[in-house]
Amino acid sequence: MFDLISHAGARLFAVSGQSTAFQREMALRLELPFPILSDAEGALRRALHLPTFEAGPESYLKRLTFVVRDGQIEHVFFPIEDPEAHAAEVVDWLKDQA
């Protein structure tokens, strides 16, 4: 599905509030085909008032998707009800905008 996103002319990045070491291990373990950007200090979370949830002592960012064009947030997908189907939803939206 990630190939469809790149064929639609988009690039995919993930953002995580966890440490870089945690992100690196997760990306390798899950064989993610995209980079994970770190927001371990919470600057992006605070600036955009991103939604979070608690799991034990940890705080995590809730799943959401930003479409950013020319440095401006053009569209936000939230909440993401079905992560498995979400990439197709994003591809359909990108095609509709072309």
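The model is predicted, and local features need pLDDT of at least 70, side-chain atom pairs count only at pLDDT 80 or more, and totals for chains, interfaces and linings use all residues. Residues are numbered from 1 along each chain as its sequence is written, while side-chain values use heavy atoms, with hydrogens and water left out. Helices (H or I, at least four residues) and strands (E, at least two) are DSSP runs, numbered from the N terminus.

Strand 5 (residues 65-69) and strand 6 (residues 72-77) run antiparallel and are joined by 5 bridges; two strands are said to pair if DSSP finds at least two bridges between them. Within this pairing, Thr65 has Phe77 of strand 6 as its bridge partner. The two strands form a hairpin with 2 residues between them, and Asp70, in the loop that links strand 5 to strand 6, has a positive phi of about 55° although it is not a glycine. Asp70 counts as exposed at 76% relative accessibility, where buried means under 20% relative accessible area, exposed over 50%, and partly exposed in between (1.4 Å probe, protein chains only). A positive phi, near 55°, is also found at Glu31, which sits in the loop between helix 2 and strand 2 and is exposed at 69% relative accessibility.

**Core and surface patch**

The largest nonpolar core has 5 residues, namely Val67, Phe77, Val90, Trp93 and Leu94; such a core is a set of buried Ala, Val, Leu, Ile, Met, Phe, Trp, Tyr and Cys residues joined through side-chain atoms within 4.5 Å. Helix 4 (residues 83-97) supplies the largest share of this core, 3 residues. Leaving aside neighbours within four places in sequence, Phe77 is in contact (heavy atoms within 4.5 Å) with residues including Leu64, His86, Glu89 and Trp93.

On the surface, a nonpolar patch with about 720 Å² of accessible area together is formed by Phe13, Val15, Leu37, Leu44, Leu48, Val68, Ile73, Val76 and Phe78. Helix 3 (43-48) and strand 6 are the elements that give two or more residues to this nonpolar patch. Nonpolar patches join side chains of Val, Leu, Ile, Met, Phe, Trp and Tyr within 5 Å, taken from residues with over 30% relative accessible area and no salt bridge, and the areas come from the Shrake-Rupley method with a 1.4 Å probe. Leu37, one of the patch residues, belongs to strand 2 (residues 36-38) and is partly exposed, with a relative accessible area of 41%. Gln23 of helix 2 (residues 20-30) touches Leu37, among other residues, and is itself buried, with a relative accessible area of 5%.

**Salt bridges**

The structure holds 2 salt bridges, each defined as a side-chain nitrogen of Lys or Arg within 4 Å of a carboxyl oxygen of Asp or Glu.

| Salt bridge | Closest N and O atoms |
|---|---|
| Glu25 and Arg29 | 2.7 Å |
| Arg69 and Glu74 | 2.5 Å |

Glu25 and Arg29 both lie in helix 2, 4 residues apart, about one turn of the helix. Glu25 is partly exposed at 38% relative accessibility, as are Arg69 at 41% and Glu74 at 36%.

Key: Patch = residues over 30% accessible without salt bridge, like charges linked within 9 Å, V, L, I, M, F, W, Y side chains within 5 Å.
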